[in-house]
Amino acid sequence: MSTAPHVDVAALALYTFFGFFLVLVFWLRREDRREGYPLEDDITGRPEPDGGPLLFDGAKTFDLPFGRGSVTTPTQGRDPMPENVVPAVRRYPGTPFEPAGNPLTSGVGPAAYAQRNDWPDLDFHGNPRIVPLRDAPEISIASRDPRGLPVVGVDGEIAGTIAELWVDRADHIVRYFEVALTAGGTALLPQTMSSVNSRYVSTDSITAAQFTGSPLPRTPGQITLLEEEKVQAYFGGGYLWATATRSEPLI
């Protein structure tokens with residue numbers, strides 16, 4: 001007796017899924033190496049092997065919006081090894097960088113930042129999305145306007161007063177507090193690293209004196225992506241280096 005040929009649809013579907021998933025894994029492993037690759041040696045900065053065609057895809061070029069040219073990935077060479085560190089402590093792979101000079105501007109550890117493009121972030125209309133509130137008449141503060149309130153550092157001292165708010169015109173939220181410093185000049189305090197109450201604005205990031213010397217935009221009323229990175233890194237570094245006790249062991 002002969003048996004009519006048949007197709008096991010369940011097994012065919014299972015094998016197809018396994019094949020598709022295997023190809024997907026290799027494709028994802030190649031694509032996820034476009035940003036930040038190739039990896040570098042901890043000590044010398046020398047690029048590591050890319051792993052061959054199964055683990056590393058070729059370069060890809062993306063066209064940027066609003067006529068800003070193109071970018072090719074992987075972005076090799078855009079993030080050089082930091083120079084303002086103590087080289088003597090970099091003897092073994094995995095050793096943390098020890099900053100030389102002011103650690104808040106060192107660009108390493110919690111004060112590290114990415115080499116983003118040095119132009120403003122744009123909204124869907126091609127306009128800078130983070131601007132002072134005075135340049136965004138369509139946005140208003142519903143309650144508890146902090147302008148005029150004193151700004152207190154982690155040491156409890158007053159650094160200055162809130163002179164202006166920098167808002168995100170796309171998300172309609174406050175991004176930065178512009179602080180008129182008591183010592184003269186201004187600073188941009190990230191809203192995410194501050195706390196507002198009815199009497200003052202405080203930050204647990206840096207001391208009042210450390211507001212002086214924080215990064216500022218070079219163009220009034222406008223901040224670039226790279227400048228945002230530097231501002232965030234400066235205040236972020238304060239959580240380790242603002243005071244001597246923060247960088248010491250707990251035990």
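Partly exposed, in this talk, means a relative accessible area between 20% and 50%; under 20% is buried, over 50% is exposed. Keep that in mind. The model is predicted.

Take Asp145. Its relative accessible area is 35%, so Asp145 is partly exposed. Its partner in a salt bridge is Arg147, at 2.6 Å from N to O. Arg147 comes out at 36%, so Arg147 is partly exposed as well.

Now step back to the whole chain. There are 2 helices and 9 strands. The order along the sequence is α-β-β-β-β-β-β-β-β-β-α. How does the radius of gyration compare with the globule rule? It is 25 Å, well over the 18 Å that the rule gives for 251 residues, so the chain is more spread out than a compact globule. The C-alpha atoms fill a box of roughly 95 × 55 × 40 Å along the principal axes. Of the 251 residues, 32% count as buried. The chain exposes about 15,400 Å², with 58% of that from carbon and sulfur atoms.

Next, the inside. The largest nonpolar core has 33 residues. Which members touch the most others? Leu189, Phe211 and Phe235. Two or more residues come from each of β3 (130-132), β5 (158-168), β6 (173-181), β7 (186-190) and α2 (225-241). β5 gives the most, 5 residues. Look at Phe235 on screen. Beyond its neighbours within four places in sequence, Phe235 contacts residues including Leu188, Leu189, Pro190, Met193 and Phe211. Ser205, Ile206 and Ser214 are also among its contacts.

Now the outside. Leu14, Tyr15, Phe17, Phe18, Phe20, Phe21 and Val25 make a nonpolar surface patch of about 750 Å². Phe20 lies in helix α1, residues 9-31. Is Phe20 buried or exposed? Exposed: its relative accessible area is 54%, and the cut-off is over 50%.

Back to charges. Side chains of opposite charge can pair when their charged atoms come close. The whole structure has 13 salt bridges. One joins Asp32 to Arg29, with the closest N and O atoms 2.7 Å apart. Asp32 is partly exposed at 38%. Arg29 is partly exposed at 35%.

Another pairs Asp171 with Arg175, at 3.0 Å from N to O. Asp171 is partly exposed at 43%. Arg175 is partly exposed at 28%.

Note on methods: Residues are numbered from 1 along each chain as its sequence is written. This is a predicted model: local features need pLDDT of at least 70, side-chain atom pairs count only at pLDDT 80 or more; totals for chains, interfaces and linings use all residues. Side-chain values use heavy atoms; hydrogens and water are left out. A nonpolar core is a set of buried Ala, Val, Leu, Ile, Met, Phe, Trp, Tyr and Cys residues joined through side-chain atoms within 4.5 Å. Buried means under 20% relative accessible area, exposed over 50%, partly exposed in between (1.4 Å probe, protein chains only). Helices (H or I, at least four residues) and strands (E, at least two) are DSSP runs, numbered from the N terminus. Contact means heavy atoms within 4.5 Å. Patches are made of residues with over 30% relative accessible area and no salt bridge: like charges are joined within 9 Å, nonpolar side chains (Val, Leu, Ile, Met, Phe, Trp, Tyr) within 5 Å. Accessible areas come from the Shrake-Rupley method with a 1.4 Å probe; for residues, only the protein chains shown count as cover. A salt bridge is a side-chain nitrogen of Lys or Arg within 4 Å of a carboxyl oxygen of Asp or Glu. The radius of gyration is taken over C-alpha atoms; the globule rule is 2.2 Å times the number of residues to the power 0.38.
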